[in-house]
Amino acid sequence: MAFYTGTDGRLLIEGENAAKVINWSFTSSSEVLQTTTLSDRDRTGVPGIRSSSGSCSLFYYDVDPKTTSTNSASKLLNKIIKSGGSDGQGAEAERVRLELRVITGALSRVIICDAWITSANLTMSIGEVLSCDITFELDGAPSSVRI
């Protein structure tokens with residue numbers, strides 16, 4: 001019996017391994033449309049609209065100019081937080097491709113999806129590292145699922 005731990009998890013942002021990931025989560029739910037009629041004794045239904053969402057937390061840091069790594073938190077923040085132009089309006093938010101992975105040896109479980117960042121929260125506290133909490137909502141169904 002194999003259990004998976006946080007060290008088996010990965011988050012890829014637009015195909016690049018996200019650095020300094022604290023955690024990620026994924027939720028999928030489906031509505032049930034009622035088909036019960038007046039003569040029925042028990043409730044019946046059919047599948048309705050499915051929706052999926054998730055979240056991740058990343059440490060925010062300065063990139064070492066000697067490496068090729070990027071600040072993943074900054075990449076996600078820039079998808080939703082936009083500065084305003086002369087009319088006071090920022091540019092539209094951007095969609096992002098995410099890959100949520102669990103990797104152990106040759107086995108890889110993955111959910112690949114296009115998502116909209118719905119919320120971004122930067123947290124700075126005494127005695128803590130600057131972190132960024134992101135929530136996202138899928139745009140359509142995942143393009144790949146192997147779980």
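Burial, contacts and backbone in a predicted model

Q: At which pLDDT do side-chain atom pairs count?
A: Residues are numbered from 1 along each chain as its sequence is written, and side-chain values use heavy atoms, with hydrogens and water left out. This is a predicted model, in which local features need pLDDT of at least 70 and totals for chains, interfaces and linings use all residues, whereas side-chain atom pairs count only at pLDDT 80 or more.

Q: Over the face of which residue does Lys20 lie?
A: Lys20 sits in the loop between β2 and β3 (21-34), where strands (E, at least two residues) and helices (H or I, at least four) are DSSP runs numbered from the N terminus. Its phi is near 60°, a positive value in a residue other than glycine. A charge sits over a ring if NZ of Lys or CZ of Arg is within 6 Å of the ring centre and within 35 degrees of the ring normal. At 5.8 Å from the ring centre, Lys20 lies over the face of Tyr61.

Q: What value is phi of Glu14 near?
A: Glu14 belongs to the loop between β1 and β2, and it counts as partly exposed because its relative accessibility is 36%. Its phi is positive although the residue is not glycine, and lies near 50°.

Q: Is Lys79 buried or exposed?
A: Lys79 is found in helix α1. Leaving aside neighbours within four places in sequence, Lys79 is in contact (heavy atoms within 4.5 Å) with residues including Glu14, Arg95 and Ile117. Because its relative accessible area is 9%, Lys79 is buried.

Q: Which residue has a backbone nitrogen reached by a side-chain oxygen of Asn71?
A: The atoms in question lie at the start of α1, a helix that spans residues 72-80. A side-chain oxygen of Asn71 comes to within 3.1 Å of the backbone nitrogen of Ala73.

Q: How many disulfides does the structure hold?
A: A disulfide is a pair of cysteine sulfur atoms within 2.5 Å, and the structure holds zero of them. For Cys113, the nearest cysteine sulfur is that of Cys56, 11 Å away, and for Cys132 the nearest, again that of Cys56, is 7.3 Å away. Cys113 counts as buried at 0% relative accessibility, as does Cys132 at 0%. The number of disulfides is zero.

Q: How far apart in space are Gln89 and Ser74, C-alpha to C-alpha?
A: Gln89 is placed in the loop between α1 and β5 (95-104), and it is exposed because its relative accessible area is 54%. Not counting residues up to four places away in sequence, Gln89 touches Ser83 and Gly84. Gln89 and Ser74 are 15 residues apart in sequence, and their C-alpha to C-alpha separation in space is 21 Å.

Definitions and conventions:
Buried means under 20% relative accessible area, exposed over 50%, partly exposed in between (1.4 Å probe, protein chains only). A polar contact is a pair of N or O atoms within 3.5 Å; within protein, one must be able to donate a hydrogen and the other to accept it, and residues adjacent in sequence count only if both atoms are side-chain atoms.
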